[in-house]
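I am opening a notebook on this structure and will write down what I looked up, entry by entry. The sequence and the model come first, and my notes follow.

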Amino acid sequence: MEVLYDKGIYFPYLDLWMDATRVKDFALISHGHRDHTARHRRALATPETARILRAQERVRNIIELPYATPWEGDGYRLTLYPAGHCLGSAQILLELEDTGERVLYTGDFKLRANATTVPAPVVPCDVLIIDATYGHPRYTFPPDEEVIERLSALLQATLNDGAVPVVLAYALGKSQEALKLLLQRGFTVSVHPDIYRMALLYREAGVDFGGAFSCYTGQDLHGQVLLAPPHWRTSPEITRIPRRRSFLLSGWAIDPHTRFRYRVDDALPFSDHADFPSLVRYAEEAAPERIYTVFGFPNLSAHLRDLGFDAHHLAPQQMLPL
Ligand SMILES: [Zn+2]
């Protein structure tokens, strides 16, 4: 039994792909972010992720599997668990028919409370494949409440100056969480059409934002916060707003150069991924016999080896026994 990484996680013995970014006949999809999907001929995902994929017209033929509902595959049993990352995001558990081994792929996940998703459990397993996006000790995030308090103060000061605050966050996941937290603090919020479209899917799935928000179509933004995806910061729709200040929400804000790299007025470390201490906590609580880290930094696997785990960074094209 082996696992390899080749633009997706592949189990040759089961001929099974997870989060492949090249088109496959069949693939499991942990969540709807584009760097985890391709136009597969057939896929399996949660019903919420299926909605997102269909809205983006990416995959049509999708087996919808709700959380905590076993599904029998060829040589394995599959169960999805919440990942706390974005609407519908899932951790994927395979229980192998012949050996009974439990293989768990976290996908992108966040262990800290997420205002707009189901909390992510730690799933006990024998083999853990864990997302190491922030797998370096310097990525230790302050509590989300602290970051949102600081953001609120910056937004209020901007509004008091008669300027327009622009909050930049990814269109699926982080922006919906930010939207809810800002509405809770009494801000009037307009959102980019992509964020709006995804927020409506959240609402259909039962997420209550706790207040009204509007879709930005060029209207006057006086007294309002504009929420937009990061790539939009240089678009004419934003740059023509005469007095504006921009604030990026990203885990990379831990790096001091981030605000210069993205040319924003400030960057705050608010993320929909686990930070380094959460990654280590996951490994400790899941207590696997072997760990593979994927994406991000190899430092996490080195740290886990120091803690006594059999841990490896799963590099592209590398074949490793499970
Ligand atoms: Zn993601």
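Which residue in strand 14 is the bridge partner of Val191? I looked this up first, bearing in mind that the model is a predicted one, and found that the partner of Val191 in strand 14 is Cys215. I then noted that strand 13, residues 189-191, and strand 14 run parallel and are joined by 2 bridges.

I next traced an open sheet of 7 strands, whose order is 7-8-9-10-11-18-19 and whose pairing is mixed. Its edges are strand 7 (71-72) and strand 19 (310-313), and since each of them has a single partner strand, one side of each has no neighbour in the sheet. Within this sheet I checked strand 10 (residues 102-105) and strand 11 (residues 127-131), which pair in the parallel sense over 3 bridges, and I noted Leu128 in strand 11 as the bridge partner of Leu104.

I also looked for helices that pack on this sheet. Helix 7 (residues 276-286) packs there and touches strand 9 (90-96), strand 10, strand 11 and strand 18 (290-294), while its direction makes about 170° with that of strand 11. Helix 8 (residues 299-306) packs on the sheet as well, touching strand 11, strand 18 and strand 19, and its direction makes about 170° with that of strand 19.

**Entry: the domains**

How does the domain assignment divide the protein chain? I read that domain 1 covers 2-138 + 273-321, and that domain 2 covers 144-268. The centres of domain 1 and domain 2, taken over C-alpha atoms, are separated by 29 Å.

I then turned to the interface, where 20 residues of domain 1 are in contact with 19 residues of domain 2. The two domains bury about 1600 Å² between them, and 61% of this is on carbon and sulfur atoms. Across the interface I noted 11 residue pairs in polar contact, and also 5 salt bridges.

**Entry: salt bridges**

How many salt bridges does the structure hold? The count I wrote down is 16. I looked up Arg41 as one example, and it forms a salt bridge with Asp25, the closest N and O atoms being 2.6 Å apart. Arg41 lies in the loop between strand 4 (27-28) and strand 5 (43-45), whereas Asp25 lies in the loop between strand 3 (16-18) and strand 4, so the pair ties together parts that are 16 residues apart in sequence. I also recorded a salt bridge of Glu204 with Arg51, whose closest N and O atoms are 2.9 Å apart.

How values were computed: Residues numbered from 1 in each chain as written. Predicted model: local features only at pLDDT ≥ 70, side-chain atom pairs only at ≥ 80, totals over all residues. Heavy atoms only, no water. Pairing = 2+ DSSP bridges. Helix = DSSP H or I, 4+ residues; strand = E, 2+ residues; numbered from the N terminus. Contact = heavy atoms within 4.5 Å. Axes fitted to C-alpha atoms, helices over the stretch in contact; angles between N-to-C directions. Domains from an automatic or database assignment. Buried area = accessible area lost by both parts, 1.4 Å probe. Salt bridge = Lys/Arg side-chain N within 4 Å of Asp/Glu carboxyl O. Polar contact = N/O pair within 3.5 Å; in protein donor to acceptor, adjacent residues only side chain to side chain.
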